[in-house]
Each structure stands twice: as C-alpha cells, then as structure tokens.
Amino acid sequence: MTPALRKACPISLQSPETELREQGAVFMPRFDSAGLVTAVAVDHATGQLLMLAHMDAEAIARTRETGFAHFHSRSRGRLWMKGETSGHVLKVIEIRVDCDQDALELRVEAAGPACHTLAPSCFYRRIGADGGLERIEG
C-alpha cells in the first residue's frame, strides 16, 4: 500500500492478512462464526435489489461451478439452489465482493420473481409514516 493511502486511511494499518483481504486480488471470504457470508442478489440490467440470503463455502463453490445462485438455508440447514422447485432461478452474471469480503453482491438475470411470495423482489414493502408496512407498487 502506498504511504499516501496509509496516511489517508489509517484503518489500513492492520495485519498483512487484512491488508491482503481489503486491497489485494485474492478472494478470501471472511465467514462469520456460523461459516456464512451475507449475499444480495441484484438485477444485472436494472440494479434492483432482489433478495438477501447467506452463502457458505459450498454455496459459493456451487454458484461458481454452475453459474446459478446457490445459498445456505439457515432454516433448513442445507445448501439450496434458488428456484430449485419454482424454476425461478438466478443466473449469475458477476459476483462482486465488498471491501472486507464478508458480503457478496450477485449480479443476476432472474427467471421469474425473486421472492417466494411471487413479488419481483423480496423488498416489496416499506415502513410508512405511521410505522406500518406499505406495499410498494412498481
């Protein structure tokens, strides 16, 4: 890291592993204590946030191997491919990694609605002024 960048960003004065993870070209996912990283699926064409899920090492590997989004289901305790029963798969165009590699952004093409409720996105409601939930149209 250049001295100027170190001076501008003192947090980068961390361990060599942290510096490699944050500034290097090596994919080094930082899994949480449950062995997971957070992953968001975003429509590649529009940038719309479609869903949030979690991935373990196996889900990342299967996603990279097949080109289709796989996640770790915390409720079922197992690997699952998005759309394995509905057919609403997510074709992965690109995987982006955040600065400290504990979150992934999957840029995808969705074959149908992303949400199990059949909404296009899992983020189909907002908190209204009264504190209640309002459905977002469009």
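Phe27, Ile95 and Val97 form a nonpolar surface patch with about 210 Å² of accessible area together. Patches comprise residues with over 30% relative accessible area and no salt bridge, with like charges joined within 9 Å and nonpolar side chains (Val, Leu, Ile, Met, Phe, Trp, Tyr) within 5 Å; a salt bridge is a side-chain nitrogen of Lys or Arg within 4 Å of a carboxyl oxygen of Asp or Glu. Accessible areas follow the Shrake-Rupley method with a 1.4 Å probe, only the protein chains shown counting as cover for residues. The model is predicted: local features need pLDDT of at least 70, side-chain atom pairs count only at pLDDT 80 or more, and totals for chains, interfaces and linings use all residues. Residues are numbered from 1 along each chain as its sequence is written, and side-chain values use heavy atoms, without hydrogens and water.

Valine 97 belongs to strand β5 (residues 90–97), strands being DSSP runs (E, at least two residues) numbered from the N terminus. At a relative accessible area of 37%, valine 97 is partly exposed (buried is under 20%, exposed over 50%, partly exposed in between; 1.4 Å probe, protein chains only).

Most residues other than glycine have a negative phi. Glutamine 101, in the loop between β5 and β6 (103–110), has a positive phi near 60 degrees and is buried at 5% relative accessible area. Leucine 118, in the loop between β6 and β7 (125–127), has a positive phi near 75 degrees but is exposed at 58% relative accessible area.

One aromatic pair is counted, where rings of Phe, Tyr and Trp (its six-membered ring) pair if their centres lie within 6.5 Å, and planes under 30 degrees apart are stacked, over 60 edge-to-face and the rest tilted. Phenylalanine 71 and tryptophan 80 form this tilted pair, at 5.4 Å centre to centre and 45 degrees between the planes; both residues are buried.

Terms used
Helix = DSSP H or I, 4+ residues; strand = E, 2+ residues; numbered from the N terminus.
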